[in-house]
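This report concerns a single protein chain. Please consult the sequence and the structure shown here while reading.

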Amino acid sequence: MRNEEMLLIPGPTPVVDSIYDAMASETRSHTDPRFVEIYKRSIERTRELLKTDGEVFVVSGSGTIGMEMALVNTVAAGERLLVISHGYFGDRFIQLGQAFGIEMDVLQAEWGKQVAPEEVERKLSERTYKAVTITHADTSTGVAADLEAIVPIVKKHGALVILDGVCATAAMEEDMSKEYGNPGYTIDVVLTGSQKAIGVPPGLAIVAFNKTALAAREQMDRVPAYYCDIKNWIPIMHDPSKYFATPPVNLIYGYDEGMRLLMEEGLEKRYARHSAFGRGVRAALREYGMNPLAEEEVAASTLSCLLYPEGVNDAEFRSALAKKGVIVAGALAHLAGKAFRIGHMGNTTEEMLISAIEKIGETLNEIGHAVSIEQAVNRFKEIN
Ligand SMILES: *Cc1c(COP(=O)(O)O)cnc(C)c1O
C-alpha cells in the first residue's frame, strides 16, 4: 500500500493500490461502451454482494443519500416509521423522517447497549408501521444490531426492514436472500456507502431494494424527490449507457475494483476476518486499560469505541498517535473527550492493526500511562 498513514477512523478507510490505479484510468464519456461495461459489472457485483432479487442502485453521493433514497421511496408523508437507534447514526433517520413529514416513533438504546427485541415487539404490537430502520453497526457507539432477533419481529408485523449498512456492508453479513426464521422474512432495503467496510474512497451511495420494497415504491405514485427517486434510476441500472445524471466515472472504476477484491477474498472469509479483527483489537486495547463502550456480545466487527483510562487526554493522545502515522477518530456527543473510535475494516490488514496496537502503546507510555505493548499484541494475535 502506498498510503503514508494508517487511516483507522470509521471511514474513509485505507485504500489499496489497485483501487487507486483503477481510479487513475482515463476519464471517458459516461456513455462510452468501455465505461458502460465497467459500470454494469460493478452493479452486477453489488447484486452478488447483497444477494438480492430486486434492484440495486449505485449513484453519486455519500451514505446519507443512501439513507434518504431508502426512506423517501418506501415511506410517504403521514405514514409511520419506527426508528431503532443505537446511537448518532440511528438518530439521523429521525431528522430525515422529519424533513419528509413522516410520522415516527423511536426506540433509543442507552449508548453502548442494544435495543431489546421485546421493546421492538411491544411497539409493533401497539401500532402499524410502514417500515422500521435498523442501523447494522452504529458508528458512534460500536454497537451492532441483533438482526437475528429483530428482523423476524418486524416481518411478522408486516413492516419493511430498512437496514443501514454504511459501516457494515461487506464486513458483516447482509444477505437479502436470507430468510430469518420464516419464509419471506427477509431484509427489504439495504443502503450503504463506498468508503467504510467496502474500502473505496467516499462518494458512492449503494442501495438495494427487494421486490416487496419495489412494490411499496410503486404504490406511492409520486415521491418528494427527484435525484433520489429510484424510478429515475431503474432504467440506468438496467442499461448504464442511458443517461439520467452523470455517474462519477473514475469512482466507479475504483468501486468495481473494490467489488472484485471483496469477491476474490470471499464473503464468508471476509466476515470472519472482520469479526476476529474486532475481537482482537478490543482484547488488545483492554490490556491498556481502554474499555470498549459496547459489551463484547453486542460489539460491531468493523469499529470500536473505547473509553480512555483515567488521566489520558483525548486531544493529546490522538495528536501524538497521528504523529506516528495512525489516525483514529474522536468520540461523538456526550462521549467527546472521554473516548475514541478506531476502525478495523475494509482493506485494513492484520499487520496494520498490530502496528497500530504497538503505536497506541508507545503513545500511552510517552504520555505517562505505562502499559505492556507485548501483552496487548499477544492478545490480538491469539485471536487473529
Ligand atoms: C458513516 C455513516 C453514515 C453516513 O454516511 P456518510 O457517507 O457520511 O453520509 C450513515 N450511517 C452509518 C451507520 C454510518 O456509519
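The sections below treat the basis of the model, the domains and their interface, salt bridges, and backbone geometry.

## Basis of the model

The structure is a predicted model, in which local features need pLDDT of at least 70 and side-chain atom pairs count only at pLDDT 80 or more, whereas totals for chains, interfaces and linings use all residues. Residues are numbered from 1 along each chain as its sequence is written, and side-chain values use heavy atoms, with hydrogens and water left out.

## Domain organisation

Two domains make up the division of the chain: domain 1 comprises 6-10 + 266-383, and domain 2 comprises 17-264. These bounds come from an automatic or database domain assignment. Taken over C-alpha atoms, the centres of domain 1 and domain 2 are 28 Å apart.

## The interface between the domains

Contact (heavy atoms within 4.5 Å) involves 24 residues of domain 1 and 31 residues of domain 2. The two domains bury about 2100 Å² between them, and carbon and sulfur atoms account for 61% of that area. Buried area here is the accessible area (1.4 Å probe) that two parts lose on being put together, summed over both. On the side of domain 1, L267, Y271 and V298 lose the most area to domain 2, together contributing 25% of what that side buries.

Between domain 1 and domain 2 there are ten residue pairs in polar contact, both residues being at pLDDT 80 or more. A polar contact is a pair of N or O atoms within 3.5 Å; within protein, one must be able to donate a hydrogen and the other to accept it, and residues adjacent in sequence count only if both atoms are side-chain atoms. On the side of domain 1 that touches domain 2, α10 (267-286) and β12 (303-307) each supply at least two residues. The largest share, four residues, comes from α10. By residue type, this side of domain 1 divides into 14 nonpolar, seven polar and three charged residues. In this classification Ala, Val, Leu, Ile, Met, Phe, Trp, Tyr, Cys and Pro count as nonpolar, Asp, Glu, Lys and Arg as charged, and the others, Gly among them, as polar. Helices (H or I, at least four residues) and strands (E, at least two) are DSSP runs, numbered from the N terminus.

The count of salt bridges between domain 1 and domain 2 is zero. A salt bridge is a side-chain nitrogen of Lys or Arg within 4 Å of a carboxyl oxygen of Asp or Glu.

S42 lies in helix α2 (residues 33-50). With a relative accessible area of 0%, S42 is buried; buried means under 20% relative accessible area, exposed over 50%, and partly exposed in between (1.4 Å probe, protein chains only). Leaving aside neighbours within four places in sequence, S42 is in contact with I252, Y255, D256 and M259.

D256 also forms a salt bridge with R41, with 2.6 Å between the closest N and O atoms. This pair links distant parts of the chain, since D256 is in helix α9 (residues 249-265) and R41 is in helix α2, 215 residues apart. D256 is buried at 4% relative accessibility, while R41 is partly exposed at 35%.

## Further salt bridges

The count of salt bridges comes to 27. One of the pairs is K130 and E79, whose side chains meet at 2.9 Å, N to O. K130 is in the loop between α5 (117-126) and β5 (131-135), and E79 is in the loop between α3 (63-72) and β3 (80-85), 51 residues apart. K130 is partly exposed at 21% relative accessibility, and E79 is partly exposed at 28%.

Within helix α5, E126 and R122 are four residues apart, so about one helical turn separates them. Their salt bridge has its closest N and O atoms 3.4 Å apart. E126 is exposed at 52% relative accessibility, whereas R122 is partly exposed at 42%. A network of salt bridges links R80, E103, D105 and R127.

## Backbone geometry

G11 and P12 are joined by a cis peptide bond, with omega about 0°. P12 is located in the loop between β1 (6-7) and α1 (17-23).

D221, a residue other than glycine, has a positive phi near 60°. D221 belongs to the loop between α7 (211-219) and α8 (230-238) and is exposed at 59% relative accessibility. A333, which is not a glycine, has a positive phi of about 50°. The loop between β14 (329-330) and β15 (339-343) contains A333, which is exposed at 54% relative accessibility.
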